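Please read them with the structure open.

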Amino acid sequence: MPRFAANLSMMFTEWEFLDRFKAAAEAGFEAVEFLFPYEHTPEQVGLALAGGELTQALYNLPPGDFANGERGIASLAGREDEFKASVDTALSYAHETGVKRLHMMAGLADPNDPVAQKTYRASLAYAADKLGEQGIDLLLEPINGKDMPGYFLNDFDQAAAYIRESGRPNVRLQFDMYHCELIHGDVSAKLKALYPLVGHVQIARANGRHEPDASGPDYPTLFAELDGLGYDGFVGCEYRPEAGTLEGLGWFAPWRKPL
């Protein structure tokens, strides 16, 4: 049976960030994820997790200047020292959160540019080795070009190639079914083909990135397929509630953690 992590960057935004943990726990979630914790101290985040008896499923490495449009720096030549420092920053939160998966945003660059490719490979190797020392997986996530035009990693097969090429067992695929639907379609076929590489799963409705519903992808079938494949990780709910977080949790009722 799938286990779900509420994405606190998109869900429970009716609360202040540190109050979202308790709200997610009270709604029946056993884990949380979010984009970035860096506006708060590691201790504050750790206390919020502990207060809700929650597991930290995932967060991202620092993305550069996110407010001004940067979406990661891993593929950006000339930013190597900044990238290395960002890995240390992310790891400074690992002890307090107990996180076992960190996502590396690739940045805005031409995926066919040899310089960007070389930079990305070097960043991947550096981050994977540093995280591996702490028993943490490095995740790569393809992101569709509609939501993030110009993103370097925009194809699931491309991501799989970087993972295989790295030769590092802690480099895994962040399989966001929403992005897969928009990039490739046929999420089920791509999931089955790439499942040996999958380290984390995320969901959202293809139309509008809201709560999962009958408009697709076919989540009841996909959840059953995850069970059949033996997936025992968390499924991150990285969606924007259409009309309020609690009002939109009807889909979640069969999997809600008993209180």
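**Notes on the predicted model**

1. Start with Gly-98, which sits in the loop that connects α4 and β4. This is a predicted model, and the points below should be read as such. Gly-98 has a relative accessible area of 42%, so it counts as partly exposed. Its C-alpha atom is separated by 9.5 Å from that of Ile-136. Along the chain, Gly-98 and Ile-136 are 38 residues apart.

2. Next, helix α2, which spans residues 42-51. Its buried residues are Pro-42, Val-45, Gly-46, Ala-48 and Leu-49. Viewed down the axis of α2, these buried residues fall within an arc of 160 degrees, so they line one face of the helix. The spacing has a simple background. An α-helix has 3.6 residues a turn, so residues three or four places apart point the same way. Leu-47, Ala-50 and Gly-51 are exposed on the other side of α2.

3. What do the buried residues of α2 pack against? Their partners are α1 (17-26), β2 (31-33), β3 (55-60) and α4 (94-97). After α2 comes Glu-53, which has a positive phi, near 50 degrees.

4. Strand β3 deserves a look of its own. Five of its six residues are buried, so β3 is largely enclosed by the rest of the structure. β2 and β3 run parallel and are joined by three bridges. Thr-55 in β3 is the bridge partner of Ala-31. The chain passes from β2 through α2 to β3, and this β-α-β crossover is right-handed.

5. β3 also pairs with strand β4 (residues 101-103). Two bridges join them, and the strands run parallel. Here Asn-60 has His-103 in β4 as its bridge partner.

6. How many salt bridges does the structure hold? The count is 14. One of them joins Glu-70 and Arg-79, with the closest N and O atoms 2.8 Å apart. Asp-147, Asp-176, Arg-209 and Glu-238 are linked in a salt-bridge network.

7. Glu-165 forms a salt bridge with Arg-121, and their closest N and O atoms are 2.5 Å apart. This pair links distant parts of the chain: Glu-165 belongs to helix α6 (residues 156-166) and Arg-121 to helix α5 (residues 114-132), 44 residues apart. Are these two residues buried or partly exposed? Glu-165 is partly exposed at 47% relative accessibility. Arg-121 is partly exposed too, with a relative accessible area of 35%.

8. Arg-168 and Asp-129 also meet in a salt bridge, at 2.8 Å from N to O. Arg-168 lies in the loop between α6 and β6 (171-176) and Asp-129 in helix α5, so the pair ties together parts that are 39 residues apart in sequence. Arg-168 is partly exposed, with a relative accessible area of 26%. Asp-129 is partly exposed at 39%.

9. Last, the cysteines. The disulfide count is zero. The cut-off for a disulfide is a sulfur pair within 2.5 Å. Cys-237 is likewise in no disulfide. Cys-180 is buried, with a relative accessible area of 0%. Cys-237 is also buried, at 0% relative accessibility.

Conventions: Residues numbered from 1 in each chain as written. Predicted model: local features only at pLDDT ≥ 70, side-chain atom pairs only at ≥ 80, totals over all residues. Heavy atoms only, no water. Buried < 20%, exposed > 50% of the residue type's maximum accessible area, 1.4 Å probe, protein only. Helix = DSSP H or I, 4+ residues; strand = E, 2+ residues; numbered from the N terminus. Arc of directions from axis to C-beta. Contact = heavy atoms within 4.5 Å. Pairing = 2+ DSSP bridges. Right-handed = clockwise from strand over helix to strand, strands pointing away. Salt bridge = Lys/Arg side-chain N within 4 Å of Asp/Glu carboxyl O.
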